[in-house]
Amino acid sequence: MTGIFSPVRLGDLQLSNRIVMAPMTRDRAGPGDVPTALMAEYYRQRASAGLIVTEGTQPSPAGKGYWRTPGIHSSAQIEGWARVAAAVHGEGGKLVMQLMHCGRASVKANKDPDAETVAPSAIRCPDPIPGPDGVPVQPDLPRALETAEIAGVIAEYVTAAKNARAAGIDGVELHCASGYLPMQFLSTNTNHRTDQYGGDAGNRVRFAVETLAALAAAIGAGRVGFRICPGVKFNGMADADPVETYTTLLRAADGLGLAYLHLIHIPLDGIDALEMVRANWHGAVIENGGLTLQSASAVLAAAKAEAVSFGRPFIANPDFVARLKSGAALAAANPATIYTGSGDDQRGYTDYPMLG
Ligand SMILES: Cc1cc2nc3c(=O)[nH]c(=O)nc-3n(C[C@H](O)[C@H](O)[C@H](O)COP(=O)(O)O)c2cc1C
């Protein structure tokens with residue numbers, strides 16, 4: 001039984017249905033990058049998803065790129081996330097935290113004054129990113145990480161994952177897409193290193209694979225997933241050969257026994273990314289990207305994925321699962337309020353109604 005409303009197990013994560021809420025940055029963390037009570041309410045409202053992947057969350061002050069994104073490196077942040085986890089679990093839901101280290105996709109004014117911007121190589125992200133108040137500005141010129149520093153960055157991810165578990169969160173997802181730190185190591189145009197973390201694909205995947213192995217050792221492989229988007233150009237990514245890079249990554253990560261691979265599926269020259277995943281990865285797959293009930297059900301029926309994720313539909317439809325079940329119309333999100341609001345401002349965040 002592989003219907004979209006049927007339960008499924010991804011590693012140690014038992015989901016009540018195969019509908020995953022995709023990670024979405026909403027820029028509403030409080031002072032100190034602490035999750036607010038309103039964030040707990042937002043996730044509680046959406047807990048009928050089989051699994052929620054939280055918004056990208058920085059494992060360390062240096063990993064912060066954008067304004068008002070939450071962290072998981074201070075005790076106040078852990079307490080804030082514990083309120084989120086309790087709210088989701090109280091509704092019978094499950095949640096994993098997306099660990100997002102932005103690397104070079106970062107603006108100094110968005111983060112602690114003594115937090116550095118680091119990357120595999122000292123190459124600036126060409127695309128403006130939102131600075132304070134969301135106004136787009138030029139990203140920082142990053143400092144290239146020394147080889148000897150890399151174990152410390154991986155250790156930050158490990159501490160973050162332990163913190164997430166201490167907060168009661170069910171697992172973590174390593175963000176290896178969208179031009180953030182792991183993808184900066186993966187892509188030929190952002191990784192010009194000459195040590196064992198740069199050069200051929202086997203070296204460029206090393207950072208992601210070592211991080212995944214360390215996360216698995218720390219909290220259990222069955223509670224660790226990772227997210228990729230082969231070929232994405234966001235944040236100035238331009239890999240010379242995404243098929244080679246991701247084939248190498250998938251094969252290297254395949255033996256770790258992880259909970260799932262989360263694919264943002266976009267067109268890729270000469271190959272279908274989901275077929276590439278299936279040919280090189282034997283674990284569970286969550287498929288994502290512009291899905292509808294019909295297209296998602298077809299992917300599941302063909303056994304091309306074990307679960308499917310939806311991002312934008314969850315913004316304005318907290319009861320998205322119930323609406324899919326009943327065939328009810330979906331509400332449209334207001335683009336003006338996606339990243340706005342702070343404190344107890346509910347507009348465009350927690351004020352989208354459930355159907356009666
Ligand atoms: C407002 C917004 C914020 C997002 N933030 C993240 C993020 O923090 N991490 C991530 O991996 N993807 C992020 N995404 C991408 C979504 O997870 C998803 O891959 C994308 O929206 C495509 O799925 P959809 O067509 O179902 O919306 C974001 C998307 C949106 C619309």
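Residues are numbered from 1 along each chain as its sequence is written, and side-chain values use heavy atoms, with hydrogens and water left out. Because the model is predicted, local features need pLDDT of at least 70 and side-chain atom pairs count only at pLDDT 80 or more, while totals for chains, interfaces and linings use all residues.

The pockets come first. A pocket here is an open set of points, on a 1 Å grid over the protein atoms alone, where a 1.4 Å probe fits, with protein on both sides within 12 Å along at least five of seven lines; its lining residues have an atom within 4 Å of a point. The largest pocket has a volume of about 980 Å³, a volume being the space filled by probe spheres set on the points, which are joined across faces, edges and corners. Its lining comprises 38 residues, and Pro 23, Met 24, Thr 25, Phe 234 and Tyr 339 lie nearest the centre. At least two lining residues come from each of strand 7 (129-130), strand 14 (307-310) and helix 10 (313-316); helices (H or I, at least four residues) and strands (E, at least two) are DSSP runs, numbered from the N terminus. By class, this lining has 20 nonpolar, 13 polar and 5 charged residues, where Ala, Val, Leu, Ile, Met, Phe, Trp, Tyr, Cys and Pro count as nonpolar, Asp, Glu, Lys and Arg as charged, and the others, Gly among them, as polar.

The second largest pocket has a volume of about 170 Å³. It is lined by 13 residues, with Gly 231, Lys 233, Asp 239, Pro 242 and Leu 268 closest to its centre. Helix 7 (residues 242-254) gives the most to this lining, namely 3 residues.

Helix 7 also packs against helix 8 (residues 273-280): their axes come within 9 Å and cross at roughly 35°. Axes are lines fitted to C-alpha atoms, for helices over the stretch in contact, and angles run from 0 to 180 degrees between N-to-C directions. The crossing is right-handed, that is, the near helix is turned clockwise from the far one by less than a right angle.

Helix 1 (residues 37-45) and helix 2 (residues 75-90) have axes that come within 8 Å and cross at roughly 25°. Helix 1 is therefore roughly parallel to helix 2, a term for angles under 35 degrees. Their contact involves Met 39, Ala 40, Tyr 43 and Arg 44 of helix 1, and Trp 81, Arg 83, Val 84, Ala 87 and Val 88 of helix 2. These residues divide into 7 nonpolar, no polar and 2 charged.

Finally, helix 3 (residues 150-166) and helix 6 (residues 206-219) pack at about 35°, with their axes 9 Å apart. This crossing, too, is right-handed.

Terms used
Parallel < 35°, antiparallel > 145°, perpendicular 65-115°, else oblique. Contact = heavy atoms within 4.5 Å.
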